[in-house]
Amino acid sequence: MSMSHNLVETKLLDALNEAGCCVVEGAAPARTMDRIASELAEYASRGTIGASDFEGRLTRRTGSPLPRSTTFRSIATHPLVMAAGEGVLGHASTWRFSAAEFIEIGPGESAQRLHRDQWKYDMVDFDFEVELNGMWAITDFTEENGATRVAPGSHRLTNRETLSHSDTVAAEMNKGSLFFYTGSLYHGGGANQSEKWRAGLSLQHAVGWLTQSTNQFLECPPAEVADWPDDLLRFIGYAKTGNGLGYWRDSEDPLSAVHPERDFDRGWATKRPT
Ligand SMILES: O=C(O)CCC(=O)C(=O)O
Ligand SMILES: [Fe+2]
């Protein structure tokens with residue numbers, strides 16, 4: 001029996017509020033995950049491995065999945081992503097996509113150091129949420145194969161906590177599931193004690209007044225995205241943002257760089273948080 005969308009969203013937002021994390025089982029068909037993996041395979045085969053201890057010496061990371069995978073593009077604005085983002089970041093004037101990365105944890109990899117993703121923002125100890133992140137299960141995630149370790153409730157702690165493995169649980173989920181967590185939640189990639197690779201597509205979203213993790217205008221330049229849907233282009237950053245941010249040249253709308261043939265309103269964004 002399937003729950004109605006509204007009920008799923010309500011439970012998701014309650015869990016994100018209470019625990020700072022939530023797994024939604026079966027958010028997409030397994031074959032959608034297989035397609036993403038096969039579209040990224042040629043890039044992953046040239047991907048970087050072992051760049052640093054934090055990134056994982058036996059972990060392969062492949063960036064820029066938006067231009068590289070049409071199937072990922074088709075789910076980047078998935079209704080659950082939009083609902084979770086609105087629920088966690090809707091306090092800000094705007095929020096948007098920040099980055100995505102295909103993460104494959106290899107057999108024998110050790111556990112990643114526990115961290116808060118929002119530490120990327122100069123370790124500012126925000127007392128409100130600035131990021132809503134996630135992970136699509138491209139393969140099954142099990143405790144044995146390195147499912148992400150999370151400390152539920154740790155989104156309410158401060159930067160000064162010293163949590164250990166015993167404070168965490170494995171975010172186990174089946175292929176096609178979607179795991180969400182806030183930028184304030186302590187977590188880390190798990191140790192892979194199996195013989196197979198664990199693959200996930202990690203997602204980052206942030207309030208519109210913070211810099212995106214990866215530079216979307218280099219990864220998805222105007223000349224290459226003219227046939228992408230407007231809502232996706234807006235979401236990745238071709239939009240005025242925050243309060244008076246993100247315009248270009250003469251108070252112009254950044255989407256006009258993709259579609260110079262169209263008319264757009266000029267002027268700064270004047271949206272303020274309510
Ligand atoms: O791969 C994972 O399970 C988590 C990776 C992670 O948290 C990170 O690299 O920031
Ligand atoms: Fe992380």
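Strand 10 (residues 198-207) is mostly covered, with 10 of its 10 residues buried. This is a predicted model, in which local features need pLDDT of at least 70, side-chain atom pairs count only at pLDDT 80 or more, and totals for chains, interfaces and linings use all residues. Residues are numbered from 1 along each chain as its sequence is written, chains are lettered from A and ligands numbered from 1 in the order in which they are written, and side-chain values use heavy atoms, with hydrogens and water left out.

Student: In strand 10, which residue is the bridge partner of Arg 96?

Tutor: Arg 96 belongs to strand 4 (residues 95-105); strands are DSSP runs of E with at least two residues, numbered from the N terminus. Strands 4 and 10 run antiparallel and are joined by 10 bridges, where pairing requires that DSSP finds at least two bridges between two strands. Within strand 10, the partner of Arg 96 is Ala 206.

Student: Which side chain of opposite charge is nearest to Arg 96, and how far away is it?

Tutor: Lys and Arg count as positive and Asp and Glu as negative, while His and the chain ends are not counted. Arg 96 is buried yet has no salt bridge, a term for a side-chain nitrogen of Lys or Arg within 4 Å of a carboxyl oxygen of Asp or Glu. The nearest side chain of opposite charge is Glu 131, at 11 Å.

Student: Is Arg 61 buried or exposed, and what is its relative accessible area?

Tutor: Arg 61 is found in strand 3 (residues 59-63). Buried means under 20% relative accessible area, exposed over 50%, and partly exposed in between (1.4 Å probe, protein chains only). Arg 61 is therefore buried, because its relative accessible area is 17%.

Student: With which side chain does the side chain of Arg 61 make a polar contact?

Tutor: A polar contact is a pair of N or O atoms within 3.5 Å; within protein, one must be able to donate a hydrogen and the other to accept it, and residues adjacent in sequence count only if both atoms are side-chain atoms. A polar atom of the Arg 61 side chain lies 3.0 Å from the backbone oxygen of Glu 55. The side-chain partner, at 2.9 Å, is Glu 101.

Student: How far is an oxygen atom of ligand 1 from an N or O atom in the side chain of His 187?

Tutor: The residues surrounding ligand 1 (a heavy atom within 4 Å) include Arg 61, Gln 112, His 115 and His 187. Polar side-chain atoms lie 3.2 Å from a ligand oxygen for Gln 112 and 3.0 Å for His 115. For His 187, the distance is 2.9 Å.

Notes: Helices (H or I, at least four residues) and strands (E, at least two) are DSSP runs, numbered from the N terminus.
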